[in-house]
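Here are a few notes for your next look at the model. Please keep the structure open while you go through the points.

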Amino acid sequence: MSENENINIVTMRPEDLPQIQTLYRELLQEECPLSTMQKNYRQALEQPGYFPLAAKRESLVLGTAVGFICTAPDSPFLVVENVVVREDCRGMGVGRKLLKRLDDLAVEQRCSYSILVSSGFRKDAHRFYESAGYTDDVRGFRKYYREINW
């Protein structure tokens, strides 16, 4: 049995949030208070089409990804956000398993496509996304409404 077989993709749970907070620190390079994460998690769970995933080995969170189903007039689509895998677990198939589960959810929800945005400097992540079937033939833009001052 390989290490990859011990990785389970599950719905993120409130007790996972402290470990996810650590992962987000790697992604965002700043700390979001746990109380803010807990409040936002509870609110987001009330929304249909919200899929917060955690890749776990037993109780250890190895990675996370979040999917949101959006509906345009022509069809629904999936927005993928906050994909991050522990640095010491990269290359083990964790991210691939997370994206595969989001792909399966998108198909179940009859989405026509999925999109994700990645910061320009994350070149290793870009190669991973391309290997997972995403293409860079579109250009993404981000507009910030506030600075994050937790």
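1. In the hairpin of β2 and β3, two residues lie between the strands, and E58 takes a positive phi near 55 degrees. Strands here are DSSP runs of E with at least two residues, helices are runs of H or I with at least four, and both are numbered from the N terminus.

2. A word on provenance: this is a predicted model, in which local features need pLDDT of at least 70, side-chain atom pairs count only at pLDDT 80 or more, and totals for chains, interfaces and linings use all residues. Residues are numbered from 1 along each chain as its sequence is written, and side-chain values use heavy atoms, leaving out hydrogens and water.

3. Do have a look at β2 (residues 50–57). Eight bridges join β2 to β3 (residues 60–71), and the two run antiparallel; A54 stands opposite T64 in β3. Four bridges join β1 (residues 8–11) to β2, again antiparallel, with I9 opposite A55.

4. Seven of the eight residues of β2 are buried, so the strand is largely enclosed by the rest of the structure (buried means under 20% relative accessible area with a 1.4 Å probe, protein chains only).

5. Now the helices: the axes of α1 (residues 17–28) and α2 (residues 34–45) come within 10 Å and cross at roughly 110 degrees. The pair is therefore roughly perpendicular (65 to 115 degrees). L17, P18, I20, Q21 and Y24 of α1 meet L34, M37, Q38 and Y41 of α2, with contact meaning heavy atoms within 4.5 Å.

Conventions: Axes are lines fitted to C-alpha atoms, for helices over the stretch in contact, and angles run from 0 to 180 degrees between N-to-C directions. Angles under 35 degrees count as roughly parallel, over 145 as roughly antiparallel, 65 to 115 as roughly perpendicular and the rest as oblique. Buried means under 20% relative accessible area, exposed over 50%, partly exposed in between (1.4 Å probe, protein chains only). Two strands pair if DSSP finds at least two bridges between them.
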